[in-house]
Amino acid sequence: MTFKSVMVTGDKGYIGSVLTSRLAERDYKITGFDTGYYAAQAIAPTFDDYPSINKDIRDVSASDLEGIEAIIHLAGLSNDPLGELAPQLTEQINYAATVRLATLAKAAGVKRFVYASSQSMYGIADDTKGELDEEAPKNPITAYARTKWDAELALLEMADDSFEVVCFRPSTVFGFSPRLRTDIVFNNLLCCAYTRGRIEIKSDGSPWRPVIHVQDVCSAFIAGLEAPAALIQKQSFNVGIRNVNYRVRDIAEAVHELLPDSELVFTGEHGNDSRTYRVCFNKINDELGDYYQPRWSLTDGGKDMLANFRKYGFSEADFTGVKTNRLNCLKSLLADSQLDESLTWR
């Protein structure tokens, strides 16, 4: 089945700002849905040539979904620090609002639901026991990870002949977006090196962190739209490159090769970070190989980021302020009383 009318929730975020452009290139009719926490934080021109509903995902209504054939659901509090800022709200936004959206979508006749899940549900894993496939035990240790896993279980239970559900668990994303995030590992290290001349590693560098370029993540979500139901229905896929996992120190060394004049510094303030996981990507590459072919290496993605930094005048203020750090942005909106305690616009 071909879906042409697609809603992207979280379209004004880091991934959504890239995905909407990619979907437009493939002639999809796009509708965005975003509360706008980060809409004003672009560091480069954005693609906005489509209608977008400016609304909290907790307030989605059946009328918002009229005429929509498929949904790519990105919206949510997007990482562990945000999750710990307000665990109860993380439950409301990442879990309850996701299930409500899917329930309304199913009733409205939406045919396919593509969910942006997370590998953080693997939590702490023994790195001596090999790579984790999709069926590996889940050990979510944060509010963010727990809500992602709980939402996956609920969504897959809702799938039936009239409602197709597929869940993608991306590695930690890196790479350039007009609404850049620098609170994720490779982007953080590269931005620190570029603006300060230092690559600051806050752990001991030993944790495993699979990474995937933002363009390759978008390719996975597009595969979720375009692959036949027989390949994706009620399936979860780790998103990454076959046989590619990195330790944090490997990622730092890749940054150092890109910016060799920078200083490599282990601050150790986070001690021995307990979140560590090596992930197997055979399933997505084998079963969706006709639709998903990851192309971006750390080096290529880093060179592209540096070129864009120079083009758009990326600064240390951009790195450390509200533009690229999601937690800093939300705290600023709260401090300015633009958001209330429930992260709702006043």
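How many nonpolar, polar and charged residues are in the lining of the second largest pocket? The last legend gives the counts.

The model is predicted: local features need pLDDT of at least 70, side-chain atom pairs count only at pLDDT 80 or more, and totals for chains, interfaces and linings use all residues. Residues are numbered from 1 along each chain as its sequence is written, and side-chain values use heavy atoms, with hydrogens and water left out.

View 1. Strands (E, at least two residues) and helices (H or I, at least four) are DSSP runs numbered from the N terminus; two strands pair if DSSP finds at least two bridges between them.

**View 2. Strand 5 (residues 112-116) runs parallel to its partner, strand 6 (residues 164-170).** Five bridges join the pair. Phe113 is opposite Val165 of strand 6.

**View 3. The second largest pocket has a volume of about 210 Å³.** Of its 15 lining residues, Val18, Ser21, Phe176, Pro178 and Gln215 are the closest to the centre. A pocket is an open set of points on a 1 Å grid over the protein atoms alone, where a 1.4 Å probe fits, with protein on both sides within 12 Å along at least five of seven lines; lining residues have an atom within 4 Å of a point. The volume is the space filled by probe spheres set on the points, which are joined across faces, edges and corners. Helix 1 gives the most to the lining, five residues. The lining has six nonpolar, six polar and three charged residues. Ala, Val, Leu, Ile, Met, Phe, Trp, Tyr, Cys and Pro count as nonpolar, Asp, Glu, Lys and Arg as charged, and the others, Gly among them, as polar.
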